[in-house]
4 protein chains.
Amino acid sequence: MSDEQAHAVYAQARLGGRVTRGTRPAILVVDFCCGFTDPACTVGSDLTAEVEATNRLLAVARARGFPVVFTTIGYESNLRDAGLWIEKMPALAELALGGHWVDIDSRLGRREDETVVVKKGASAFFGTNLSAILVNLHVDTVILCGATTSGCVRATAVDLLQHGFPTLVPRECVGDRARAPHEANLFDIQAKYADVVSVDEAAAYLEGIPARAPAPAA
Amino acid sequence: MSDEQAHAVYAQARLGGRVTRGTRPAILVVDFCCGFTDPACTVGSDLTAEVEATNRLLAVARARGFPVVFTTIGYESNLRDAGLWIEKMPALAELALGGHWVDIDSRLGRREDETVVVKKGASAFFGTNLSAILVNLHVDTVILCGATTSGCVRATAVDLLQHGFPTLVPRECVGDRARAPHEANLFDIQAKYADVVSVDEAAAYLEGIPARAPAPAA
Amino acid sequence: MSDEQAHAVYAQARLGGRVTRGTRPAILVVDFCCGFTDPACTVGSDLTAEVEATNRLLAVARARGFPVVFTTIGYESNLRDAGLWIEKMPALAELALGGHWVDIDSRLGRREDETVVVKKGASAFFGTNLSAILVNLHVDTVILCGATTSGCVRATAVDLLQHGFPTLVPRECVGDRARAPHEANLFDIQAKYADVVSVDEAAAYLEGIPARAPAPAA
Amino acid sequence: MSDEQAHAVYAQARLGGRVTRGTRPAILVVDFCCGFTDPACTVGSDLTAEVEATNRLLAVARARGFPVVFTTIGYESNLRDAGLWIEKMPALAELALGGHWVDIDSRLGRREDETVVVKKGASAFFGTNLSAILVNLHVDTVILCGATTSGCVRATAVDLLQHGFPTLVPRECVGDRARAPHEANLFDIQAKYADVVSVDEAAAYLEGIPARAPAPAA
């Protein structure tokens, strides 16, 4: 968003600081389930480039013992658990628990020891125990990937900051169905909630800190 | 946001539905504390028009017995409660508990029986008991006013939907320090989280439903 | 718990008030899944009498259009979502998602339109969107049944109060694996969090308020 | 609680495991505000011994750079923020924000850099940003002290486990107004949520791990 007024005003308000990065990162992949990464689903779009960029970071994380957490959205057939959201976005009703759209996109190669958090709302924290999962793993930094930038990624970025997890958002690893909301939300995220970086910078960060012994299998 | 691609794509994804309005509304005024409504504060800006538009709705609500809830942001001097947010927005440290910037703007005429929720993060729900307050009051619809559109209003709109409260956002009653983020966030809110309406429509809604006996003083 | 000192001290501290009952109740059945109602599971015990008493209330609620919500506990095979709880209660690992122990006890005749909330912790609110479900249904009173009295029922009773839902706990409808913790927790619940009543009183309450049109099928 | 049936049944259910202790502890002191430690307040009782035992641990923690967090309860004069709890415990209305009962007991020597979390409910997590505070401080273990054992300590112990923080409860550092609920709740806490230990064991733990540089003053 090339908006000069906003940049000038935000500089004066001293927005856009930098978060302190830790040494125990996790990768959080929000809603790269088939319903969002396959254009055949009403709420989906083609996110091939974003999935591939995310895979680059997943390879580094897996090689170095950093945990990976996925989220997906899925509802009961009675939709009692979908709440108000289906009033604003009725096509969410297609995301039926047990169905294909809820599965994590197979291109991401999700492993058995990587948690899949089933969520009902926009934020990965709402109605889930994600915070406890990150605390249990002693995570002190999150790399946030996924879809959509203006929806669940934005809502999750706000909650990551609120819950105390410094966050990097690699811009190539988050996608949306339309360009303008994607850019507008990256602008907001960088100004107030997380550090928007390149996938190169995120990879360099993961490679520049000590590897971690993987958590023992349960 | 005059972005034709976004509008076309969003129509195809069936975004932008309409929430079901109830009969027990509350007005939620987010962060119209002096720190945000006074340009003399680093994070503030001139929101006179938005405060006046909000006052129009407050007058209707008070006359008809609908509850009003305010939020503000305030931190301890040690800033332990400010978390990561001051890394991204260091000027938030000016919002000291007990100080002037934390007071609700006196132009809003806050009454003794109107709760002020002290929050630490962007969303009015994070780290507060706002949900319990709304449940106790049997609120089934929220009119969301306040600042800033791209910050605490947006974060609160997402959480209102997630927590089950149908929400109207009167566009004249929410303000921001810069124009582009204001518009971009109203676009997102209308597409996915709440109904963006005119202050006239919000006033007509409040006047068109039965008045409510005010909650008894404690 | 016939403890005279506690009763005298609690009377002086003015504990044990009575919650205000509303007219839109829901029945919340906590963890009457097979893992807790079948003694063959390590964490289970024989709760036949409690299941039957609960069925009496379910019959009234279903006939009169009051919503019913169930909870169960289930974990991924990697147990990443089980957190610390399996350190204190390692047998919880038997509650595998997709397995028999997670199913709601078939004697309760759960209907398709009755939500099943999958939880990971003790409270039915932790890591779930139960609050939003109750708000969406405009519930203003909860009848709390289930197991165990000293575990998930107690934790849920505390959270129901905190979240703003007046609660009745019919003593015949909640069960535990041991007698003393059952009684001690009913004492605490009655003193501080909810009204412990007989199943007769709960049934009379449900029969004495207007019936409700069932929520439309989605 | 010398209840043989409960002990036998709990052993068979494999309750009462041991939490894994970390190396970055915090001391959490729940509701040792004057309203609870002064018998002159309706909800208070004489907790001199418990305050003194807690002071022993605070001295070790302060000397070794481990953070200390206090909680208190305080309500607005309109009591809108008190919710349902004042129906069960009407004397809570005495805990007025700005008044003496809300102050942390001066015998604990609270320092300027030690956070005071103002809570509205039983659990120190409900309606507060305590989880974010602990995450920001990279806390991996909590020593839980305070009052009352059967109320806010129990509710907080459940939430500490749920949020992922291994917890020790030194039995001499938690107090209640009556003996039986105190003992019954320590039994439940040890069985399911945290490790109940002696104050000696808690002190030895704090002395046996590396000291920590105090967090820089903001």
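**Entry 1**

I needed one convention before starting: angles under 35 degrees count as roughly parallel, over 145 as roughly antiparallel, 65 to 115 as roughly perpendicular and the rest as oblique. I also noted that the model is a predicted one.

I looked up how helix α7 (residues 179-192) of chain C meets helix α7 (residues 179-192) of chain D, and found an angle of about 120° with the axes 10 Å apart. α7(C) and α7(D) are therefore oblique to each other. I then checked the hand of the crossing, and α7(C) passes α7(D) in a left-handed one.

Which residues make this contact? From α7(C) I listed C:Pro181, C:Ala184, C:Phe187 and C:Asp188. From α7(D) I listed D:Pro181, D:Ala184, D:Phe187 and D:Asp188. Sorted by class, the contact of α7(C) with α7(D) holds six nonpolar residues, no polar ones and two charged ones.

**Entry 1: a helix pair inside chain D**

Next I took helix α3 (residues 48-64) and helix α8 (residues 199-208), both of chain D; their axes come within 10 Å and cross at roughly 0°. That crossing angle makes α3(D) roughly parallel to α8(D).

On the α3(D) side I wrote down D:Ala53, D:Arg56, D:Leu57, D:Val60, D:Ala61 and D:Arg64. On the α8(D) side I wrote down D:Val199, D:Ala202, D:Ala203, D:Leu206 and D:Glu207. I sorted the contact of α3(D) with α8(D) by class and got eight nonpolar, no polar and three charged residues.

**Entry 2: a helix pair inside chain A**

I then turned to α6(A) and α7(A), whose axes come within 9 Å and cross at roughly 10°. α6(A) and α7(A) are therefore roughly parallel to each other.

The residues from α6(A) are A:Thr149, A:Ser150, A:Arg154 and A:Ala157. Those from α7(A) are A:Pro181, A:His182, A:Asn185, A:Leu186 and A:Ile189. The classes in the contact of α6(A) with α7(A) come to four nonpolar, four polar and one charged.

**Entry 3: chain A as a whole**

I counted the elements of chain A and got eight helices and seven strands. The radius of gyration of chain A is 17 Å, close to the 17 Å that the globule rule gives for 218 residues, so chain A is as compact as a globular protein of that length. I also noted the box that the C-alpha atoms of chain A fill along the principal axes, roughly 50 × 50 × 30 Å.

**Entry 4: chain A against chain B**

How is chain A laid on chain B? It takes a turn of 180° and a shift of 0.0 Å along the axis, and the RMSD is 0.0 Å. The two copies are thus related as by a two-fold rotation axis. I looked for the C-alpha of chain A nearest that axis, and it belongs to A:Ala184, 3.2 Å away.

For the contact I found 46 residues from chain A and 46 residues from chain B. On the side of chain A that touches chain B, α1 (4-12), α4 (85-88), α6 (149-163) and α7 (179-192) each supply at least two residues.

**Entry 5: chain D against chain A**

The same surface serves both copies, as 100% of the contact residues of chain D recur in chain A.

Here 10 residues of chain D are in contact with 10 residues of chain A. On the side of chain D that touches chain A, α5 (130-136) and α6 (149-163) each supply at least two residues. α5(D) gives the largest share, four residues. I sorted this side of chain D by class and got three nonpolar, six polar and one charged.

Technical notes
Residues are numbered from 1 along each chain as its sequence is written. Chains are lettered from A and ligands numbered from 1 in the order in which they are written. This is a predicted model: local features need pLDDT of at least 70, side-chain atom pairs count only at pLDDT 80 or more; totals for chains, interfaces and linings use all residues. Axes are lines fitted to C-alpha atoms, for helices over the stretch in contact, and angles run from 0 to 180 degrees between N-to-C directions. A crossing is left-handed if the near helix is turned anticlockwise from the far one by less than a right angle, and right-handed if clockwise. Two residues are in contact if their C-beta atoms, placed from the backbone, lie within 7 Å. Ala, Val, Leu, Ile, Met, Phe, Trp, Tyr, Cys and Pro count as nonpolar, Asp, Glu, Lys and Arg as charged, and the others, Gly among them, as polar. Copies are superposed by least squares on the C-alpha atoms of residues with pLDDT of at least 70 in both. The radius of gyration is taken over C-alpha atoms; the globule rule is 2.2 Å times the number of residues to the power 0.38.
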